[in-house]
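Hello,

Here is the structure you and I talked about going through together.

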Amino acid sequence: MGAHASSVAIVLICSWLWIVGAAPAPTGDLRQRLAVRKHLRRLNKPAVKSLKSPDGDIIDCVNIAHQPAFDHPFLRNHTIQLRPAFHPEGLYDKSNLASELSKEKPNTLTQLWHQIGRCPEGTIPIRRTRKEELLRASSVKRYGRKKHRTIPMPRFADPDLINESGHQHAIAYVEGDKYYGAKAIINVWEPNIQQTNEFSLSQLWILGGSFGQDLNSIEAGWLSDSYQATGCYNLLCSGFIQISSEIAMGATISPVSKYGRSQYDISILVWKDPKEGNWWMQFGSDYVMGYWPSFLFSYLADSASMVEWGGEVVNSEPDGQHTATEMGSGHFPEEGFGKASYFRNIQIVDESNNLKSPNGIDLFTDQSNCYDVQNGNNGDWGSYFFFGGPGRSPSCQ
């Protein structure tokens, strides 16, 4: 089966999900339509202004106090924190600022909807969820959900678990300490997606707890799927309070890297404010996106026990074979810069709120003949790795 047209979007995912059930309704199609309509009303809040992006997305400028997060029962009387009390120490050192302006990255990324306009002050941009996106989900209740078992588990790599989950990874990770944040500059591509129920993403994971029902997870990066259906990951990430009026989670980012040509990347930082305890997210050097209140978490209310960076794909095994959905650029890491996808300047935030290179980085991949990862370290890129692969090939069946 051939590859479908795909889109690349900034996504933000957390495992503290709030899922709204549909009200009882007649069976069959009518019940589904009523459930979809009710769910869309909860997701798509009334807009002060709406913008139609060149890619067909509708960006709604929603009053910051009316965003979906405040439907969460724990947040109905919450006072919005408009800025973090502290950024990590070292974030604006010359070395970090230089890494944001790498000579090998000639241009900056933007979102396509910026060509049409901006949201007014006091509002946040939210990509409008469409009915068709809900209908493509296995159920209305499952729209936007991400199973815990899809998080890479390098310590418990088991072929049976890999086959059960249908998700495959190529990652770098650290564990064995307390972590209060993570940062990375992530190369952006538009990988080919074989099936409509598959995706390919590049992101960081901040994890607390055990790999079971009590796992806390914060995840951020970019995702490509066969539809422009990525906004759900932010809107159903119940409890994330957005404050930025500039960046719409789930909206398309442009341009993307091309094989052997110009390379583009994005900077993602997630950290725990040592004063208020909330987990904040920053995009690039300028855009503080928002935060998760610490009281929503159990283990992450204190700190994380593991940080992961890397790629993930869904392998639905079409026709009984491995998927041809690509990870990263679709090329193996040994091809290097301009051909293989990378994470560079990966860092963690320590207990003193210092941003620094991690110690003891390990690597993990489910099937290195399908998707692989190789790491290194140098002066400009700090700790980095190349990763990815084509999926199905003569060596990956």
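Below are some notes on its aromatic pairs and salt bridges.

Please keep in mind that this is a predicted model.

Let's begin with the rings. A search of the whole structure turns up 14 aromatic pairs. In one of them, Phe-337 and Trp-381 have ring centres 5.8 Å apart and planes at 70°, so this pair is edge-to-face. Phe-337 sits in the loop between strand 15 and strand 16, and Trp-381 in the loop between strand 19 and strand 20, so the contact ties together parts that are 44 residues apart in sequence. Phe-337 is partly exposed at 33% relative accessibility, whereas Trp-381 is buried at 6%. Both belong to a cluster linked by ring pairs, together with Tyr-342, Tyr-384 and Phe-386.

Now the charged side chains. There are eight salt bridges, among them these three:

- Asp-57 with Arg-130, at 3.8 Å from N to O. These residues are 73 apart in the chain; Asp-57 is buried at 2% relative accessibility and Arg-130 partly exposed at 30%.
- Asp-60 with Arg-128, their closest N and O atoms 2.7 Å apart. Asp-60 lies in strand 3 and Arg-128 in the loop between strand 5 and helix 3.
- Asp-265 with Arg-344, at 3.2 Å between the closest N and O atoms. Asp-265 is buried at 5%, and Arg-344 is buried at 1%.

Shared partners also join Asp-57, Arg-127 and Arg-130 into one salt-bridge network.

Best wishes

Conventions
Residues numbered from 1 in each chain as written. Predicted model: local features only at pLDDT ≥ 70, side-chain atom pairs only at ≥ 80, totals over all residues. Heavy atoms only, no water. Phe/Tyr/Trp six-rings, centres within 6.5 Å; stacked < 30°, edge-to-face > 60°. Helix = DSSP H or I, 4+ residues; strand = E, 2+ residues; numbered from the N terminus. Buried < 20%, exposed > 50% of the residue type's maximum accessible area, 1.4 Å probe, protein only. Salt bridge = Lys/Arg side-chain N within 4 Å of Asp/Glu carboxyl O.
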